[in-house]
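Subject: Structure for your files

Hello,

Here is the structure I promised to send over.

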Amino acid sequence: MYKKKILLTGSGGMLGSRVFQELLLNPAYTVFTVGRVSRGENSFACDLSDPIAFADVLESVAPDIVIHCAANVNLGSCEREKAYTYGLHVLSSRLIASRKSIQRSIFISTDSVFDGLEGNYTEKSAVTPLNYYALTKALGEECFFNASHAALVIRTNIIGFNSPLNSSLFEWAWENLAAGKKITGYKNVFFNPLYVGTLAKIIIQLLNSSLTGVVHTGCREGLSKYEFIRKIAEVFELPLDNISGSELDVSEGEIRRPLNTILATRNVENLLGIEMPDITAELMAIKRDSRK
Ligand SMILES: NC(=O)C1=CN([C@@H]2O[C@H](COP(=O)(O)OP(=O)(O)OC[C@H]3O[C@@H](n4cnc5c(N)ncnc54)[C@H](OP(=O)(O)O)[C@@H]3O)[C@@H](O)[C@H]2O)C=CC1
Ligand SMILES: Cc1cn([C@H]2C[C@H](O)[C@@H](COP(=O)(O)OP(=O)(O)O[C@H]3O[C@@H](C)C(=O)[C@@H](O)[C@H]3O)O2)c(=O)[nH]c1=O
């Protein structure tokens, strides 16, 4: 039986590593990965910001399916290293989207493509990126909207352990609270993140669907980042007293950030016949999986 070849980018990352685990469970696929370093068999070392090098990898693997998780998630670095970030988010996407032999692709995008003035964004809402990370992710999306094959863009916000630099919001809050340090949580920034373990399973379901275009994912309820940090403390039994409320001042700092990026998830729920989990369930799943 012919096994479909899947190429996964970002397989060493917080989300990609979970998608990789899910793909390995499926005997119908031969899984190839690409990252800045090779991770063994069927794994290619390539800087995806270099289109010539990435084109070579696509030629060698000749994938039937591509799941594109790789990104530069350090917003400051995106502002400072624009050419690199453009190559990584846009040129790599253009190569995947224009490759005729690919049958199906998924691009992981972000809730940050919106300006955060309204919240509750649907798939029909217009994108209005505020910073270079968000702009290049939105341009990456465009490539997939114009793809020559069945492409799907998944917008999301994610939480979990094991981001390469241990710098995700969840890890930052958890580590500080576990070390007994005081932190402030933004009361004016709202989102509805999903645990990467949950999203990885949803990605596989969407991969096997015929859906194209764009779909939003997220936990059931939106909450402020202050409320989110308090939920971490509750679930992981860490001191609540070390958390105080603050306001993100959008007029300060080199990077403009959106305030309310809550994504409406009705479409994905209807399509897959599921109800998105609430944030407590997601944090409990992180806690459970981190003990394994
Ligand atoms: N983290 C977040 O808060 C959010 C993330 N997203 C999106 O989710 C996706 C996954 O993010 P997340 O898992 O957190 O990211 P991570 O930083 O954890 O992982 C990103 C991966 O991308 C790969 N990568 C980075 N730069 C390059 C490069 N130049 N060439 C090749 N590979 C590269 C890295 O692989 P290697 O180390 O092997 O080079 C790394 O494993 C991204 O598309 C991101 O935009 C969306 C919303 C929120
Ligand atoms: C939320 C928050 C952050 N911080 C500090 C610490 C934290 O590491 C830093 C950045 O916060 P955040 O991670 O929430 O912000 P940010 O880097 O804007 O996160 C973004 O990341 C990219 C990759 C995405 O795709 C977006 O959707 C979005 O989640 O600000 C606080 O001090 N208090 C807070 O309440």
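The notes below cover a pocket, a helix, the cysteines and one asparagine.

Please keep in mind that this is a predicted model.

Pocket. The second largest pocket has a volume of about 200 Å³. Its lining is made up of Met14, Ser17, Arg18, Gln21, Phe161, Asn162, Tyr195, Val196, Ile286, Asp289 and Ser290. Sorted by class, that lining comes to five nonpolar, four polar and two charged residues. Two helices, H1 (16-24) and H10 (279-290), each supply at least two residues of the lining.

Helix H7. Val196, one of the residues that line the second largest pocket, also belongs to helix H7, which covers residues 196-207. Does the length of H7 agree or disagree with what its residue count predicts? At 1.5 Å a residue, its twelve residues should span 16 Å, and the end C-alpha atoms are 16 Å apart, so the two agree. H7 is also mostly covered, with ten of its twelve residues buried. The buried residues of H7 are Val196, Gly197, Thr198, Leu199, Ala200, Ile202, Ile203, Ile204, Leu206 and Leu207.

Cysteines. How many disulfides does a search of the whole structure find? The search finds zero. For a disulfide, two cysteine sulfur atoms have to be within 2.5 Å. The cysteine sulfur closest to that of Cys69 is in Cys46, at 16 Å, and is therefore too far for a bond. For Cys219, the closest cysteine sulfur is in Cys69, and because the distance is 19 Å, a bond is ruled out there too. Are Cys69 and Cys219 buried or exposed? Cys69 has 14% relative accessibility and so counts as buried, and Cys219 counts as buried because its relative accessibility is 0%. The cut-off for buried is under 20%.

Asn72. This residue is in the loop between strand S4 (65-68) and helix H3 (75-80). Its relative accessible area is 10%, so Asn72 is buried. Which side chain does the side chain of Asn72 join through a polar contact of 2.8 Å? The partner is Ser77.

Regards

Conventions: Residues numbered from 1 in each chain as written. Chains lettered and ligands numbered in written order. Predicted model: local features only at pLDDT ≥ 70, side-chain atom pairs only at ≥ 80, totals over all residues. Heavy atoms only, no water. 1 Å grid on protein atoms, 1.4 Å probe; cavity = no way out; pocket = protein on both sides within 12 Å on 5 of 7 lines; lining within 4 Å. Points joined across faces, edges and corners; volume = space filled by probe spheres on them. Helix = DSSP H or I, 4+ residues; strand = E, 2+ residues; numbered from the N terminus. Nonpolar A, V, L, I, M, F, W, Y, C, P; charged D, E, K, R; others polar. Expected span 1.5 Å × (residues − 1). Buried < 20%, exposed > 50% of the residue type's maximum accessible area, 1.4 Å probe, protein only. Polar contact = N/O pair within 3.5 Å; in protein donor to acceptor, adjacent residues only side chain to side chain.
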